[in-house]
Amino acid sequence: MRFVASLRSLASSLLHRSQIEGDLDEELRAHIANRADDLERSGLPRTEAERRARIEFGGQERYKEECREERGGVWLASLWTDVRFGLRMLSKSRGFSVVAVITLALGIGANAAIFSMVNALLLHPYHFRDLDALVRVWEDRGIDEGYDARYVAPADAKELSTHGELFESIATYEIRSFSLGAGSEIQPALGCRVTANFFDVLSVSPTAGRLFSPGEEQPGDDQVAIVSDGFWKRRYAADPHLLGEKISLNGRMYSIVGIMPKDFDYPVPVELWVPLALTPEEQADRTQLSLQVLGRLKDGVMPDQTGAALANFSRRLEQDYPKTNAGRTMKALQLRKELYVFTLPLFLLLQAAAGFVLLLACANLANLVFARMIGRQREIALRTTLGAGRGRLGQLFLSETLLYAIAAGIVAITASFASVKMLRTSIPAGWTKWVPGWNGIRVDGNVLAFTIAVALGTGLVLGLATVLHASHVELNNTLKETGAGSVTPAKRRVRSALVIAQVMFAFVLLVCAGLTIQGFVRLADIYRGFQPASVLRVEISLPEKTYPETVKITNFYQQLVRDAASLPGVQHASLITNAPASNVDNETTFFNIEGQPALKAGEAPSADLQIATPDFFATLKISLISGRFLSEADNIDAARVVVISPGMAQRFWPGDDPVGHRIKLGTANSVEPWVTIAGVVGDVRQNWWNPTTRPVIYKPFAQSAQRSMTLLMRTQTNPASYVSAIREVSRQIDPGIALRGVATLEEEVNDSIAIIRIMGILMGIFGLVALVLSSIGVYGVLSESVAQRTREIGIRLALGAETPALMKLILGHALKLTAIGLAIALPVSLTISRAMTSLIFGVVSMNATIFAAFAAVLLLVALGAAYLPARRAMNVDPMVALRYE
Amino acid sequence: MAGQAQILPGNLDLLILKAVSLGPLHGYGILLRIEQISRGALLIEQGALYPALFRLVRQGLLKPSWGTSDNNRRAKFYELTPAGRKRLHQEAADWNRLVAAIALALGAEAEEV
């Protein structure tokens, strides 16, 4: 009943606002008139009676305001008034509004942009049904690092899929590069061999055609292919009759049976999928970890429950097959989390930095708003006298700051469409095509909701801060004072604290930006020793069908290297399994040292394995440390040799020269021959996340040929001009071979560290914004303090104070604020940068110079910001200043 | 003004309900009625009456309507709603209990303790 009455009162007060205001006026007028009638009857003259009646009644406006509040719905009605008032204030003090909106828009926009990345890459990298139930499974040998090394032996995968305790279904797959087409039309195409249930496990269906049937996993029945939307559109111009077309892959004919949807790019953006048809021998293999495994967990199985069950399963395999499976443990990781390994630290860092920018912007705006409050003290006092309660005033300030925040939010959202697109396209597609979700970086509903929430939150926080700050206005003094309002020491302290906070945020951001940029420069420098600008790289994979055995593979590559090296202007040509900066981890292998007790698998030493031709070291200008390089004499008939990295030499032969020692690759019982260490060559940083000092073993290509290699050519002139020549060389030897990844090594290096560069640039932008905002803050507080102290300064001048002393006073104030900020910021940024060093794989290293340099920069900027107010103080005319107020 | 008592906050509502329970009244009328029934012992700030009236209307205890006063002025008259009548009885009973209890307490003599 009461509730209904309240609602009715609210509704009628909203609907009949002006009428109700009129009624209230009339009611009070009637009261006063009635009272005056009574007073007149008691003998007073009419005018005197009316005057007395009004006085007896008390403050009409105050009671009216109380009545409005009692009626309910007043906040809605007055909100509208406040919004209109706020808009008027906004347009009246245009300069202030522009600064306020831009400041906030920077903070909000930074967060929106970074959140769009977090949203696409971390929250929605894939669009599969029940993404959380999808896990990647791999066998951990204890030596593999990074997620390039997550493989399962085919027989183990088979056994796992019949295990049935954890998984609803298990799919296996293998990424492969194919030579597409025939004759002179041959082109490389990245593809994936998958089990027939692969798409069912992911629960995706083709837009046209069908999926594979289990029968098509049989070798011989497997010549069917499903192609990507991109393949269909790029290569076949979206031909509606593509299904049933035949394509040649590695010299075999496949018919196209399906087309996948546009956004499907699992496991990486490939062009086609073919059945994984393994021969019975391949299926029974437990020695090679060659397949990738994807599982969908049963309903109710939590991802973190899989660890113990998989460990049990691995122990059983180890008991059943001790020769192959010793020391292997199966592990599982949610598909979603697998990506985190790489991106989470980077984006958390960026999001944190963006958050700092917003905090800084808030501190800055709070300072501006508080400063303006001083000018508005009389207004506030007047409103209070006329009956505005604290709640009513709070609503006024809140609606003003909310207006700023909303305007800033609108600016930020508008700008974010452009800035997000810029972010997305600023990293070369060559790198980002491996990042699932990268193309999904856009301003979508989530980003909009986030941005709006941030904007409103900012407005609320600022508004509440303003309300708290402005709540105690001394009515009498403020109304009596004729000059500008005064500032209590407490309020001045609040504003100083805000400036200190700004300096702190700015310093932390600048240090983080500096460390990241320095890390990037250092990374680029690491590869500089290779002189990558004059190296061309080409990836080649020979098809199994035409190159079934080692002799043919060796012949092809040796011919290729010889012909490439004899091209005019080519200084060196060589082969390597995995060129530096490829963003792929090296294959790792166990090995045994002759004369040392053979260790159990899992405890045996391990190293990266590379296969190289003799000229590889000359091509990349890698130095010789002891012994000799690989040579042409190390052929298939010669004694088996390897060369190793200094990291390996120091770890396993500390204080000794490993040259002449013998090792055996593989585990203790492996059938590999003993090989002699012929030399030690300089360290190579494989990828930015690998430490330089990893142990590496280089085997001569002639003694261990394999199908997929990278050709490196050092050229005298621009390597890009050799692209057509090397294509021709390859075509002459075998027209059926497709060349992939043709680029200069410098392009490859730049692509591989692009993400660090982007991070550095973003952090740099954040740092600069922080610097500008904090200098505005310092300027604002000092200008106001000078304005406040004009009288004091005038007296000092009149009493003979020298201008240098005054200058010292003002600049000293600026330095004090900055120094306090720096003192707080130092431990904070030390902690943060220490976290950064461990989070982003050794890119960042501590650097005292950066700390000192930015501290100096902030102090200088503070001095600069204080200079103008200080000059104004010195130009104070004592006469004017003393008359002031 | 000796002999007059300030009203405790909250009691004004009760007095208004009581005044109006004797017949519909306009604001000034309520003021006079309270003076009359308390024999001038209670002092009410005139303006403070109106926020209280608005509050009681919002709570659904009073019903306002426009009418004409004795001296032919348009005035807003308030009358008690059934809910208002119920509230009046309840609060009056509460008040009487409270007053009796306090009177009892204040009248206590040493030997009674």
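Analyst: The account below begins with the packed helices, passes to the contact of the chains and ends with the backbone.

The model is predicted: local features need pLDDT of at least 70, side-chain atom pairs count only at pLDDT 80 or more, and totals for chains, interfaces and linings use all residues. Residues are numbered from 1 along each chain as its sequence is written, while chains are lettered from A and ligands numbered from 1 in the order in which they are written.

In chain B, helix H1 (residues 11-21) packs against helix H4 (residues 82-106) at an angle of about 125°, and the axes lie 10 Å apart. Helices are DSSP runs of H or I with at least four residues, strands are runs of E with at least two, and both are numbered from the N terminus. Axes are lines fitted to C-alpha atoms, for helices over the stretch in contact, and angles run from 0 to 180 degrees between N-to-C directions. The angle makes H1(B) oblique to H4(B); under 35 degrees counts as roughly parallel, over 145 as roughly antiparallel, 65 to 115 as roughly perpendicular and the rest as oblique. The crossing of H1(B) and H4(B) is left-handed (the near helix is turned anticlockwise from the far one by less than a right angle; clockwise is right-handed).

From H1(B), Leu14(B), Leu17(B), Lys18(B) and Ser21(B) meet residues of H4(B) that include Arg85(B), Leu88(B), Glu91(B) and Trp95(B); two residues are in contact if their C-beta atoms, placed from the backbone, lie within 7 Å. By class, this contact of H1(B) with H4(B) holds 4 nonpolar, 2 polar and 4 charged residues (Ala, Val, Leu, Ile, Met, Phe, Trp, Tyr, Cys and Pro are nonpolar, Asp, Glu, Lys and Arg charged, and the others, Gly among them, polar).

The axes of helix H15 (residues 390-426) and helix H17 (residues 445-470) of chain A come within 8 Å and cross at roughly 150°, which makes H15(A) roughly antiparallel to H17(A). Their crossing is right-handed. The contact of H15(A) with H17(A) has 17 nonpolar, 9 polar and no charged residues.

Where the chains meet, 25 residues of chain A and 22 residues of chain B take part. On the side of chain B that touches chain A, helix H2 (27-37), helix H3 (49-58) and strand E5 (74-80) of chain B each give two or more residues. The largest share, 6 residues, is from H3(B). That side of chain B comprises 8 nonpolar, 8 polar and 6 charged residues.

The backbone of chain A has its own features. Most residues other than glycine have a negative phi, and most peptide bonds are trans. Tyr266(A) and Pro267(A), however, are joined by a cis peptide bond with omega about 0°, and Pro267(A) sits in the loop between strand E7 (252-259) and strand E8 (272-275) of chain A. Ser203(A), which is not glycine, has a positive phi near 55° and lies in the loop between helix H8 (198-202) and strand E4 (208-209) of chain A. Ser203(A) counts as partly exposed because it has 14 C-beta neighbours inside 10 Å (20 or more others within 10 Å make a residue buried, 12 or fewer exposed, and values in between partly exposed; C-beta atoms are placed from the backbone).
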